[in-house]
Amino acid sequence: MSLFIKEIINDLKVTDKYEKIIYQSIEESKILFNNIEEIAGFNQYKILKAFQKNKATDFHLNGSTGYGYGDTGRETLEEIYKDIFKAEKAIVRSNIVSGTHALAIVLFGLLKPGDSFLSISGTPYDTLLKIIGKNKEPGTLSELNINHDCIDLTQESLFDFQKIAELLKEKKYPLICIQRSKGYSSRKSILIDDIKKVCQFIKEISPETIIFIDNCYGEFVETQEPIEVGADIIAGSLIKNPGGGLALRGGYVAGKEEFVLKASYRLTAPGIHEDVTSALDFNRTAFQGLFISPLIVEQALKGAIFSSTLFSKLGFETTPSPNEKRTDIVQGIILKDPELLKEFCNAVQSSCPLDSFVRPTASQLPGYDDAVIMAGGTFIQGSSIELSVDGPMRDPYTAYLQGGLSFYHVVYAAIKAGLVLFNKDVKSSD
Ligand SMILES: *Cc1c(COP(=O)(O)O)cnc(C)c1O
């Protein structure tokens, strides 16, 4: 890689000291790439087999219009998702507008007025809190008299088995919610092995309880997915991992047939539920994006590992640390300073293929309480399987870096962001 690194070092006028750190980071992270490639290969083969088994064909790539009756492209895509996730049923739709929407239709589909549901991975993702509501805000679960309880992970970011057992014995929970990726929190993301253990544990105490996993950012990072280790239903976004950077929009829900159907009643309407939705121009990029997704996830993971290595060498705490086992593509870099977070985002923005000339600013976004700063000059608006960085403007001012269609692009952006931090450090020690 030194040809390319040399160019960057020249262009950015990097000092000898920082240059050394860059080369060390490249060498050290390379050692960790073997395992990433193993997993990518495994998942690529799994996806290829699902395409072949379901006889995907050129005709399926063209979308339908109107009601979308008999859209065999949509149906085949859903069969493929079903097989990959080892589910009984999947819906993969362009009219699921985001990850939040996918999560919402599951919760509204499966919970009834008077129900309580339980989160066991700490406070849910910011936008999910808006769905849950606090004081019967219009449209929220709270307005329907659906109650939410929450158990934090332990200090070590593991499930609190004792608390879970206590609550499950105390109260009836029709649904338990687990968020695999850490979101904007300081805890770690949850490994498939740990999801497996907790699913077994929950089913022993309360076999009726539905286990629902927010799978956003987790797809194809490990060799197994949540349903094959005991979860009942999962949801995620196609402008994250499974869209492979090509899917133009969309989300998915997969799991037990009965539960996925209930979610589909909320997506459309009872009676028409999963049988309508014209795919328009959705199918081609959804198929192709899924096919290349393991490769893109591999690029993103290599970029994340390089970034984690580089920024820890620059003296920042990173989560996960470079050689920690990963279950999602998100790389946290704890900056502890609002100005640094802004400058970090600015450096990443200026490294992007599109909109490299604009400066990101923190602003209020629908679904978020704190102002959020986001950077990413992406081909698909808001796509975070493409290189992007974001973070809420709150302590400890963590930059959440994720995605990257090209590992080399992530390397460049990380070096550029690192330069800002490195120069700050040199200045402050003068
Ligand atoms: C991105 C994300 C969501 C929400 O997805 P949107 O597409 O932004 O609505 C929910 N949960 C987690 C863990 C996420 O990473």
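Trainee: Is threonine 378 buried or exposed?

Mentor: This is a predicted model, and the label comes from relative accessibility. Buried means under 20%. Threonine 378 has 13%, so this residue counts as buried. Threonine 378 sits in the loop between strand 10 (372–375) and strand 11 (388–392).

Trainee: What is threonine 378 in contact with, leaving aside its neighbours within four places in sequence?

Mentor: Leu354, Ser383, Glu386 and Leu387 are in contact with threonine 378. There is also a polar atom of the threonine 378 side chain at 2.8 Å from the backbone oxygen of isoleucine 380.

Trainee: Now salt bridges. How many does a search of the whole structure find?

Mentor: The search finds 20 salt bridges. When reading one, look at the two side chains, then at where each residue lies in the chain. Take lysine 302 and glutamate 37, whose side chains meet at 2.8 Å, N to O. This pair links distant parts of the chain, with lysine 302 in helix 10 (residues 282–313) and glutamate 37 in helix 3, 265 residues apart.

Trainee: Which of these two partners is buried, and which is partly exposed?

Mentor: Lysine 302 counts as buried because its relative accessibility is 9%. Glutamate 37, at 38%, counts as partly exposed.

Trainee: How many residues apart are lysine 82 and glutamate 79?

Mentor: They are 3 residues apart in helix 4 (residues 72–84), so about one helical turn separates them. Lysine 82 is buried, with a relative accessible area of 18%, while glutamate 79 is partly exposed at 35%.

Trainee: Which residues are around the ligand?

Mentor: Around the ligand are Ser98, Gly99, Thr100, Leu103, Tyr125, Gln179, Asp214, Cys216, Tyr217 and Lys240. A backbone N or O atom of glycine 99 is 2.8 Å from a ligand oxygen atom. In the side chain of aspartate 214, an N or O atom lies 2.6 Å from a ligand nitrogen atom. For lysine 240, a side-chain N or O atom lies 2.9 Å from an oxygen atom of the ligand. On its own the ligand has 380 Å² of accessible area, and the protein covers 90% of that.

Trainee: Last, the surface. Which residues make the nonpolar surface patch of about 270 Å²?

Mentor: Tyr45, Leu48 and Phe291 make that patch. Leucine 48 belongs to helix 3 (residues 33–53) and, at 32% relative accessibility, counts as partly exposed.

Notes. Residues are numbered from 1 along each chain as its sequence is written. This is a predicted model: local features need pLDDT of at least 70, side-chain atom pairs count only at pLDDT 80 or more; totals for chains, interfaces and linings use all residues. Side-chain values use heavy atoms; hydrogens and water are left out. Helices (H or I, at least four residues) and strands (E, at least two) are DSSP runs, numbered from the N terminus. Buried means under 20% relative accessible area, exposed over 50%, partly exposed in between (1.4 Å probe, protein chains only). A polar contact is a pair of N or O atoms within 3.5 Å; within protein, one must be able to donate a hydrogen and the other to accept it, and residues adjacent in sequence count only if both atoms are side-chain atoms. Contact means heavy atoms within 4.5 Å. Patches are made of residues with over 30% relative accessible area and no salt bridge: like charges are joined within 9 Å, nonpolar side chains (Val, Leu, Ile, Met, Phe, Trp, Tyr) within 5 Å. Accessible areas come from the Shrake-Rupley method with a 1.4 Å probe; for residues, only the protein chains shown count as cover. A salt bridge is a side-chain nitrogen of Lys or Arg within 4 Å of a carboxyl oxygen of Asp or Glu. A residue is near a molecule or strand if one of its heavy atoms lies within 4 Å of it.
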